[in-house]
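Welcome, and please open the model in your viewer.

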Amino acid sequence: MRLVEEALAEDAYLADVAGLHCSCSSEGAAGFELRVDGFSHKLGLLAGRVFEALAGCKVRPHTFPAVHEQLLRRYRNAMLQPGKAAAALRLQCLAGGPHWSADELAAALEQVKDVAEVQAFASQFLSCCHMEGLTIGNITAKEAEALARSLRTTLSQQGGAAGATNGSSSSSSSSRDVKLLAAGDRLVEQCVVLPSGVALLHKAAARNPEEENCCVEAYYQIGMSTDLRLRVLTDLMDQVLYEPVYDTLRTKQQLGYSVSSGARLTHGVCGFCVVVVSPAFSAAEVEGRIEAFLQDFAGTLQAMPQEEFDRHKAALASNKLQKDTALAQEADRAWEQVFNARYEFICKEQEAALLQSITLAELQQFYATHVAPSSAQRRKLTVRLQVVSDPVQFKQGRERYPGYCTVVPQLAQQQ
């Protein structure tokens, strides 16, 4: 994808001047994303140009070393910041399917030095794929469908030309058959099931030898995100905990300059995290402080007045029903549903409606089961950024949550 971006650099600059933007990003084993946005008048032309560059990608020997070095540097620097490194380790530990760390990607990239090998891959890697798209804004449904068909045709028509290297000839009209990847062959996202009543610990060393901060990410696994009520309870717990976590651990106890908490969607599974980056305390002490706070908060939640609970519910409902302030916000929200294969485009409205039926007693029981240190059913994983450990070894032999992949019949027929 970096080679495609490099090939599009000149076009992207001119498009940017005209108020149009495009980007390409890799999503690991899940595939990659292409995005174009801006004034609608020429947006289809820009999308077509991006697809032409993708399907007809030609590796230029004089720019290949620079692109290769830039990507390699990006992989090597990906784990330098403690907070980001801890989150990446959690994702790697809990991945039930293919998931490569930045170190693994860097090691693999170091072995890729032959331009011909990269060109051969670029010529065939789209021969069998699954494509999903979202168009939003100043465009009709008929225009969006026509654009989607046009872009798919571009992949087929440009495919043959991409392989014309090393003196071989290829007509500009040559094409390849872009086959639809069967639903059974698509990547199914899975998450490792953490054992009930057991607190697991994963340790790793900070990448920067001069790093003075430790990072602790305490993750509490809850359940499948397809359960609407579970999602609402997780969000409500986040709403209730967010301010006390910061006030206690950051303001009062001064554990570190970065203290946060929040709901997490990890490989399709709901969870809750408390993250602390501290220059003054050891990772073990930070985790102990987090646990002590969560134990104390169980009593605070039990004593919470109904009026305060109702205010939290009203604030969360208001946040969920808040109107998008820009088209980009609406697009991001809709694309999240497509990318996660959930297609619940009105989930915020559904969650706000269901929120009204949540009781204080239900939230208290939810907290006592999934987060409170005294729970015998709690599923916990702590990532401490200090001592070396192996995420692959951590998840060997562990059970996986069932994966899910929603296939929309109408979209499947159109493709």
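One term will follow us throughout: a residue is buried under 20% relative accessible area, exposed over 50%, and partly exposed in between, using a 1.4 Å probe and protein chains only. The model is predicted, so local features need pLDDT of at least 70 and side-chain atom pairs count only at pLDDT 80 or more, while totals for chains, interfaces and linings use all residues. Residues are numbered from 1 along each chain as its sequence is written, and side-chain values use heavy atoms, with hydrogens and water left out.

**The whole chain**

Start with a cartoon view of everything. The protein chain has 16 helices and nine strands; these are DSSP runs numbered from the N terminus, with helices being H or I of at least four residues and strands E of at least two. Of its 415 residues, 40% are buried. Contact means heavy atoms within 4.5 Å. Among contacts between residues at least 6 apart in sequence, 78% join residues at least 24 apart.

**Two crossing helices**

Now select residues 228-252, helix H9, together with residues 360-370, helix H14. How far apart are the axes of H9 and H14, and at what angle do the helices pack? The axes are 10 Å apart and the angle is about 85°. That makes H9 roughly perpendicular to H14, a label for angles of 65 to 115 degrees, with under 35 counting as roughly parallel, over 145 as roughly antiparallel and the rest as oblique. Axes here are lines fitted to C-alpha atoms, for helices over the stretch in contact, and angles run from 0 to 180 degrees between N-to-C directions.

Show side chains next. From H9, Arg229, Leu230, Leu233, Thr234, Leu236, Met237, Val240 and Leu241 meet Glu362, Leu363, Phe366 and Tyr367 of H14. By class, the residues of this contact of H9 with H14 are nine nonpolar, one polar and two charged. Nonpolar covers Ala, Val, Leu, Ile, Met, Phe, Trp, Tyr, Cys and Pro; charged covers Asp, Glu, Lys and Arg; the others, Gly among them, are polar.

**Salt bridges**

The structure holds 23 salt bridges, each a side-chain nitrogen of Lys or Arg within 4 Å of a carboxyl oxygen of Asp or Glu. Pick Asp11 and Arg49, whose side chains meet at 2.6 Å, N to O. Asp11 belongs to helix H2 (residues 9-17) and Arg49 to helix H3 (residues 43-55), so the pair ties together parts 38 residues apart in sequence. Asp11 is partly exposed at 27%, and Arg49 is partly exposed at 29%.

Move on to Arg207 and Asp103, a salt bridge with its closest N and O atoms 2.6 Å apart.

Arg149 is partly exposed at 44%, and Glu145 is partly exposed at 36%. Then highlight Arg231, Asp235, Lys320, Arg342, Glu344 and Glu351, which salt bridges with shared partners join into one network.

**A last stop**

Finish at Ser225, in the loop between S6 and H9. Is Ser225 buried or exposed? Ser225 is buried, with a relative accessible area of 1%. A polar atom of the Ser225 side chain lies 2.9 Å from the backbone oxygen of Gly268.

Terms used. Polar contact = N/O pair within 3.5 Å; in protein donor to acceptor, adjacent residues only side chain to side chain.
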